[in-house]
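Please look over the structure shown here.

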Amino acid sequence: CAGEENWVDSRTIYVGHREPPPGAEAYIPQRFPDNRIVSSKYTFWNFIPKNLFEQFRRIANFYFLIIFLVQLIIDTPTSPVTSGLPLLFVITVTAIKQGYEDWLRHKADNAMNQCPVHFIQHGKLVRKQSRKLRVGDIVMVKEDEKFPCDLIFLSSSRGDGTCFVTTASLDGESSHKTYYAVQDTKAFHNEQEIDALHATIECEQPQPDLYKFVGRINVYHDRNEPVARPLGSENLLLRGATLKNTEKIFGVAIYTGMETKMALNYQSKSQKRSAVEKSMNVFLVVYLCILVSKALINTVLKYAWQSEPFRDEPWYNQKTDPEKKRNLFLQAFTDFLAFMVLFNYIIPVSMYVTVEMQKFLGSYFITWDEEMFDEGTGEGPLVNTSDLNEELGQIEYVFTDKTGTLTENNMEFVECCIEGHVYVPHVICNGQILRDCTGIDMIDSSPGSSGKEREELFFRALCLCHTVQVKDDDSIDGLKKNQVSRRSCIYISSSPDEVALVEGIQRLGYTYLRLKDNYMEILNRENNIEKFELLEVFSFDSVRRRMSVIVKSSTGDIFLFCKGADSSIFPRVKEGKIDQVRSRVQRNAVEGLRTLCVAYKKLSAEEYRNVQKLLQSAKLALQEREKKLAEAYEKIERDFILLGATAVEDRLQEKAADTIEALQKAGIKVWVLTGDKMETAAATCYACKLFRRNTQILELTTKKIEEQSLHDVLFDLNKTVIRQNGSLTRDTFSG
C-alpha cells in the first residue's frame, strides 16, 4: 500500500538520519532549513538601506527629500538646511527607534535559538542548542518543556503511548489535549530502542494550518516489507506547545525553524501603519495638491506680470547674457520649483517629529503602567512595536467566543434522559438513584427488561465513547479531583464536556477506570469490572458534530457507540423514543444547557471487517485523506438506535453580563460566536445581557434557507429592520 500513491509535493525523512534499508525506494536527498527562528526584520548589513527604503515610502519623508534636493540643485529663496535638518532628525529618530525594537527581537530570537535540547545520537542522550536541530533528528522532551520544533510523536513514558499537551501559545486553548504515539514505536521507552528504529516518513510540505497534517510512516522490521501507518494531526506535536502530566516523550523532527507551523503563522514583518498615520497621509496629499496649485498659479502670474517689457527687466535688475539666452520652459520650471520651496512650510515637518517622539515615549508609559502588571505571572506589558500605540482602545467591534470566555468552561453534569426517563445524579436516597419527579415528560413506571438493558447500554456508551484519560494522582495542574467517586480518579480531557459526562455517570453508578493495553475498563453498579477492547475511535470534528467508538465486549459482541449534537444524531436514527428525547433536549436547550444525544448499533464480525477495510484505505491515503475519511464515517455512522440525551451546564463567568452591558454603553458592538444549539445560544445571550427582553431577534438559519432562497430571507430581514427603525431615513440606515 505504501508505494501505491505518491505526492508530487511531498518530503521523505529518514528517522535518525539512518540510511534506507536494502530494497527501499531510491531516495533523492532534500535540503531542509535548520531550526533557527528569525522574527527580526533587519540584519547588521541591510539595516541602513532597508530602513531608509521603508521610511521614504512615507509620503511626507519622500516629499521633504524632494524639496531638499530641489534646494540643493536650484537657486532658491531659502537655505537647503531648513529642509535637510528636520528631515535628518525625523529619519534618525525613527531609525533609532526601529533599530532598538529590532535589536530586542534579535535578543529574543537568540535566547530561543540557544535553548538546550536533548538529542539522541548513537544510542546516547546529547544536549545541543535548539538551532542545531535538523529534520530527522530524534528529540527527547521532558514534562513542562516546550517542543523545540514540529515533531512526530514516537513514544512516551506513559504505557498507553499518549501524552498531554497545552497549546495556549498557539491557539489560546488552555485545556489539555491528548496526542497519540505511532502504534509500532510506542513500546520504545529508552534511547537504545529508539536509536535502533529503522523508518521513513512521507509527509506534505509545510503549511500553516495548525489542525491539518497528512503523512505516513513506513517502519522496517528486519528485511521484511515495511509496515505503513497513517500519520495525522493527533501524532504531530507542534513547536510552542507544552508537554504536561507526562514524564517524557520521544519524537522525530519533521518541520524545523521557519518551516514550523508556528513560524508560518507569524504575521508578515512589514511595517504596520496606524489609522492616524493613514489619515495624515490623506491630508498630506490634499495639502500637496494645494501647494502644487499655488506654485502653478504663482508661476503663471509671474509670467503674466513679466509680459510687459518694463516689468520683465526693470532698470535696477538688468538680465545678464546667459539669463537672456536661457530656455523659457526651463526657466518657468525652475521658477515653479522655487515657488514650491517658498510655500513648502504649508506641510509641517515638526508634526512628524512630534508624532514619532510621542509614539516612542508612549511605549514606555505602557511598560510602566502598574495597573497592567499581572501579579500571578510577575510580568508587565511588553511593547514589541510602537507603530500602533494610538490604535489601542479605539475598538468598534468585539468578537467573543462563548465557551471559556463568557462562561467558566467548568462543566457540570445536570441530568440525562434515557428513553423518556430522567436521571438526576443529585437525587439519591439510601444509595438508590431516584428518577426526577418534577420532569414534565417523565415516565413514572420503572423501565421494563428492555428498558433496563437500554439504560445499561446508555451508561456504558458514556463510559466508553470519549477520549478522557485517567490519572491516579492529586497533583495535576489546573484539574480538580472528584471527591464523590467510589474510586480515586482524576480525569483529563481536551474537552471539559467529556470530563463532566464521565464524572456524572460515575455518580449514577458506572465508573470509567482506565485504558490499558487497548482495553477500556469500567466498574458497574454491582462493583464488577467490565472490559471492552477499543477497536476504533472516530474523533469529533466540527463538521460531523459527533464522535464514535467501536468496542468489543468480553462476550464478543461488537458495538458502535456514538454521541453528538441532536442535529447530527436524529437524522441517523432508525428506532428509539425519538419524540420524548427530542422534547427533553429542546427543553434543556431553552434553559441554556449544553445537550448531547447518544445512540448505538451492534455490528456483526463481517460488518466490522468491512468497516476496517473502509477505514484503512481512507487512513493511508495521502491525497484528500480528510474527504475520504468523512465519506467513510458517513457510510459507517448510520442506522442507529437512539438511547437518550445528556445535559451539561457551563456557568457564566462572574461579571460577564456587567462587562457586556458596559461595552454596549460605550458604543462597542459585541458579537458572540458559538457552535451551540440556537436555543442554548439565545438563552446564554439573554443571561449575559447581550439580548434584552425587548430585543428584536432576526433569524438567519439553514432551516429558513431551505424553505426560501437566501435572497428572500435577507430581503425579509431588511424590511423588518427598516420597519422597526421607522424614524431613521434610508440614507442614514444604508450604512
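A residue counts as buried when its relative accessible area is under 20%, as exposed when that area is over 50%, and as partly exposed in between. The model is a predicted one. In it, Thr674 has a relative accessible area of 35%, so this residue is partly exposed. Thr674 sits in the loop between strand E28 (669-673) and helix H20 (678-687). Leaving out residues up to four places away in sequence, Thr674 touches Lys402 and Ala681.

Is Asp401 buried, exposed or partly exposed? Its relative accessibility is 40%, so Asp401 counts as partly exposed. Apart from neighbours within four places in sequence, Asp401 is in contact with Leu406 and Leu673.

The next topic is helix packing. Two packed helices are described by the angle between their axes and by the distance between those axes. For helix H2 (residues 59-73) and helix H7 (residues 275-305), the angle is about 30° and the axes are 10 Å apart. Angles under 35 degrees count as roughly parallel, and H2 and H7 are therefore roughly parallel to each other. On the H2 side, the contact is made by Ile59, Ala60 and Tyr63, and on the H7 side by Asn281, Leu284, Val285, Leu288 and Leu291. By type, the residues of this contact divide into 7 nonpolar, 1 polar and no charged.

The cysteines come last. A disulfide is a covalent bond between the sulfur atoms of two cysteines. How many disulfides does the structure hold? The number is 0. Cys562 is in no disulfide, and the nearest cysteine sulfur, that of Cys465, is 6.3 Å away. The cut-off for a disulfide is a pair of cysteine sulfur atoms within 2.5 Å. Cys562 has a relative accessible area of 0%, so this residue is buried. Cys115 has a relative accessibility of 37%, so Cys115 counts as partly exposed.

Methods:
Residues are numbered from 1 along each chain as its sequence is written. This is a predicted model: local features need pLDDT of at least 70, side-chain atom pairs count only at pLDDT 80 or more; totals for chains, interfaces and linings use all residues. Side-chain values use heavy atoms; hydrogens and water are left out. Axes are lines fitted to C-alpha atoms, for helices over the stretch in contact, and angles run from 0 to 180 degrees between N-to-C directions. Helices (H or I, at least four residues) and strands (E, at least two) are DSSP runs, numbered from the N terminus. Angles under 35 degrees count as roughly parallel, over 145 as roughly antiparallel, 65 to 115 as roughly perpendicular and the rest as oblique. Contact means heavy atoms within 4.5 Å. Ala, Val, Leu, Ile, Met, Phe, Trp, Tyr, Cys and Pro count as nonpolar, Asp, Glu, Lys and Arg as charged, and the others, Gly among them, as polar. Buried means under 20% relative accessible area, exposed over 50%, partly exposed in between (1.4 Å probe, protein chains only).
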